[in-house]
Every structure is written in C-alpha cells, then in structure tokens.
Amino acid sequence: MKDIATPTRTKEILEKYGFSFKKSLGQNFLIDPNILHRITNTAELGKDTGVIEIGPGIGALTEHLARTAGKVVAFEIDQRLLPILEDTLSPYDNVKVIHKDVLKADVKQIVQEEFAGFSRLMIVANLPYYVTTPIIMKLLEEKVPFEGMVIMLQKEVADRISARPGTKEYGSLSIAIQYYTEAEVAFIVPKTVFMPQPNVDSAVIQLTRRNTPAVQVKSEEFFFTVTRASFAQRRKTILNNLTSQLSEGKEKKESIVQALNEAEIAPSRRGESLSLEEFARLSDALYPAFSSSVQ
Ligand code: SAM
C-alpha cells in the first residue's frame with residue numbers, strides 16, 4: 001500500500017476531495033515517510049501499545065501508527081476531514097477517529113473506554129501549532145494515564161520545553177512540563193517535509209512521564225504561580241518580580257526577602273538561574289504568607 005505521506009498521493013487525495021487547507025487550524029500535513037518512521041521508532045510502539053493521536057489530517061501519521069501500534073484513537077476537529085479519513089484509513093481496522101476538539105474532550109474517560117487491556121498508552125501527534133501548549137498542559141494536568149508523548153511542534157517551543165536552567169529558553173513552560181515529565185528534543189524537522197510548508201522550523205520532542213513529580217511541594221498551584229511570577233519580566237531580579245506579581249500581603253517585600261533567605265536564594269538572582277529544586281524550596285517558604293496569591 002502506497003504511503004499517504006508522499007507529495008503525489010497527498011496531492012491526489014486533496015484533489016479528489018477538493019480539500020483546501022485551513023491555516024487557522026494549523027493544517028500542515030506531513031509528506032515524508034522517513035519522518036514518520038522516525039516518529040514511530042522514537043515512540044517504541046508495539047501491539048501492546050494504545051496510541052492517542054491529535055489531529056490526524058488526512059491520515060499520514062495515523063496509518064504508520066495503525067501499522068505499528070495495537071490501536072489508535074485520533075481526535076480531529078475539522079469535519080471536512082472525516083470522509084477523507086474514512087477512505088484513506090479503510091485498510092486499518094484498529095483506528096477510531098473521534099470528531100472533536102481535543103481541548104473539549106474528556107480524554108481520560110475515552111482512554112478508559114477505548115484502551116482497557118493495553119499495557120501502554122502513548123500520545124503521538126503532529127500537533128496543530130496554534131494550540132501546542134494548551135494541548136500538552138491539558139493532557140498532563142488532567143492526569144491522562146499515558147507513559148509518554150512523542151510530538152511534533154515548533155522548534156522554538158520544543159527548545160523552551162526542554163530548556164535547562166541558565167539558558168535563555170528556560171522559563172515557566174520548561175518548569176511546568178519538566179515537573180511532570182523528562183523532556184528531550186528527539187530530532188529537528190525541516191520545513192520541506194510539510195504541505196503547505198510552515199513559516200517556522202519544527203522538532204519532535206519526547207516527554208516521558210515521571211512516576212512522581214520532579215519535586216515535592218506544599219501546593220502545586222502555588223508552585224506554578226511562583227514560577228510564572230518569577231519570569232514575569234526576565235530582566236528583573238527574582239525579588240523584584242515576586243514583589244510586583246504576588247498579591248498584596250502584610251509587609252510584602254520583607255516577607256519575600258525572608259522566604260528567599262529561608263530557601264537560600266540570593267534576592268539578586270534572576271528566575272532563569274533557579275533549578276526546579278530551588279523553585280520548590282522558594283514556593284514552600286513563600287506559601288504561609290502568600291497562599292492567597294494562587295492565580
Ligand atoms: N497528522 C497530520 C499530519 O501529520 O499530516 C496532520 C497534522 S496538522 C499539523 C494538525 C491537525 O490537527 C489538522 O488536521 C487540524 O485540523 C487538527 N486540529 C487542529 N486543532 C485541533 C483541535 N483543537 N482538536 C483536534 N484536532 C485539531
């Protein structure tokens with residue numbers, strides 16, 4: 001069977017159905033089977049593995065997933081793609097397409113219904129670039145029981161997600177995702193493997209869920225409030241960012257200085273130099289005086 005992900009077959013399918021791309025839905029389809037092999041290899045799929053895909057498009061990645069995994073459930077928001085997928089994926093009996101915005105779906109419930117009996121669950125997707133972060137955060141925060149994610153996204157976002165302290169890419173997104181997972185860029189993808197070509201370079205990132213979060217904190221919500229506040233203005237010191245971002249407390253600045261001392265963090269440091277462990281100590285030290293600041 002000829003791959004969907006070739007320029008000729010993709011063009012044939014698009015013409016057959018008179019399909020026009022919607023930029024607003026992040027529709028950039030893969031037209032290079034080599035990239036798809038690399039994605040499925042990175043995810044280490046086998047017949048014991050269930051896969052959730054977000055945005056199957058015309059099925060380029062979906063068919064590779066169906067060939068290597070036990071079962072694939074794919075969420076697609078664009079109704080116009082449903083008859084196309086029905087046609088292109090007809091050779092595979094282990095794929096289910098759900099017509100839904102993944103951000104509005106009860107993914108946990110669907111996992112319970114669709115993947116009973118599978119020993120592993122993976123998320124594998126070429127994500128729509130306009131909503132990469134909300135999709136990743138939803139799946140992490142709602143505690144969908146997947147082992148890992150292998151996802152294609154903008155290279156710039158992949159770099160921020162996997163960034164280490166002390167780099168200019170490191171920020172509250174790195175912390176939010178590394179709190180739940182070990183994040184690594186698997187490989188970089190050139191623009192030429194997409195139709196139409198996006199304006200930015202892409203990367204495939206591998207997120208492996210940790211058994212327990214990277215650090216233990218009194219309150220997760222407050223920890224994330226503190227990390228976001230610490231990066232509000234990157235050039236400001238941690239003391240100045242926290243003073244302007246945390247809501248009014250009694251003798252605010254003094255309480256923050258005291259918490260920084262307790263956490264053994266110099267007030268003149270910048271957020272980008274703090275490790276997750278230091279943010280955890282700081283958040284716990286600030287918590288008694290500022291727990292009402294949770295955003
Ligand atoms: N997987 C295909 C491929 O690699 O060729 C298509 C990937 S394309 C980058 C993103 C896909 O996500 C599109 O098919 C788009 O319609 C779909 N999509 C966009 N927003 C979505 C959402 N909120 N929920 C589900 N699917 C969405």
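The model is predicted: local features need pLDDT of at least 70, side-chain atom pairs count only at pLDDT 80 or more, and totals for chains, interfaces and linings use all residues. Residues are numbered from 1 along each chain as its sequence is written, and side-chain values use heavy atoms, with hydrogens and water left out.

UniProt, in an unreviewed entry, places the feature "domain: Ribosomal RNA adenine methylase transferase N-terminal" at residues 35–211. UniProt positions follow the numbering used here, feature names are shortened, and annotations may be inferred rather than shown by experiment. The span 35–211 is 33% helix and 28% strand, and its end C-alpha atoms lie 29 Å apart. Helices (H or I, at least four residues) and strands (E, at least two) are DSSP runs, numbered from the N terminus.

**The sheet**

- Seven strands make up an open sheet with mixed pairing, in the order β4-β3-β2-β5-β6-β9-β7; two strands count as paired if DSSP finds at least two bridges between them.
- From one strand to the next, the twist averages 20°.
- Strands of a sheet pair through backbone hydrogen bonds, either parallel or antiparallel.
- β3 (residues 71–76) pairs with β4 in the parallel sense over five bridges, and A74 stands opposite V97 in β4.
- The pairing of β6 with β9 is antiparallel, over seven bridges; V150 has Q206 in β9 as its bridge partner.
- β7 and β9 also run antiparallel, joined by eight bridges, and V185 has I205 in β9 as its bridge partner.

**Helices across the sheet**

- Helix α2 (residues 33–42) lies across β5 (120–126), β6 (148–154), β7 and β9 (202–209), at about 165° to β7.
- Helix α6 (residues 132–141) lies across β2 (49–54), β5, β6, β7 and β9, at about 165° to β6.
- Contact here means heavy atoms within 4.5 Å; axes are lines fitted to C-alpha atoms, for helices over the stretch in contact, and angles run from 0 to 180 degrees between N-to-C directions.

**The largest pocket**

- The largest pocket has a volume of about 410 Å³.
- Of its 32 lining residues, L25, I54, G55, E76 and P128 are the closest to the centre.
- The elements giving two or more residues to this lining are β1 (29–30), β2, α3 (60–68) and β3.
- On a 1 Å grid over the protein atoms alone, a pocket is an open set of points where a 1.4 Å probe fits, with protein on both sides within 12 Å along at least five of seven lines; lining residues have an atom within 4 Å of a point.
- Grid points are joined across faces, edges and corners, and a volume is the space filled by probe spheres set on the points.
- The UniProt annotation "binding site", from an unreviewed entry, covers N28, L30, G55, E76, D101 and N126; from this set, the pocket lining takes in N28, L30, G55, E76, D101 and N126.
- E76 is placed in strand β3.

**Backbone details**

- M195 and P196 are joined by a cis peptide bond, with omega about -15°; P196 is in the loop between β8 (194–195) and β9.
- E44 is not a glycine, yet has a positive phi of about 50°; E44 is in the loop between α2 and β2.
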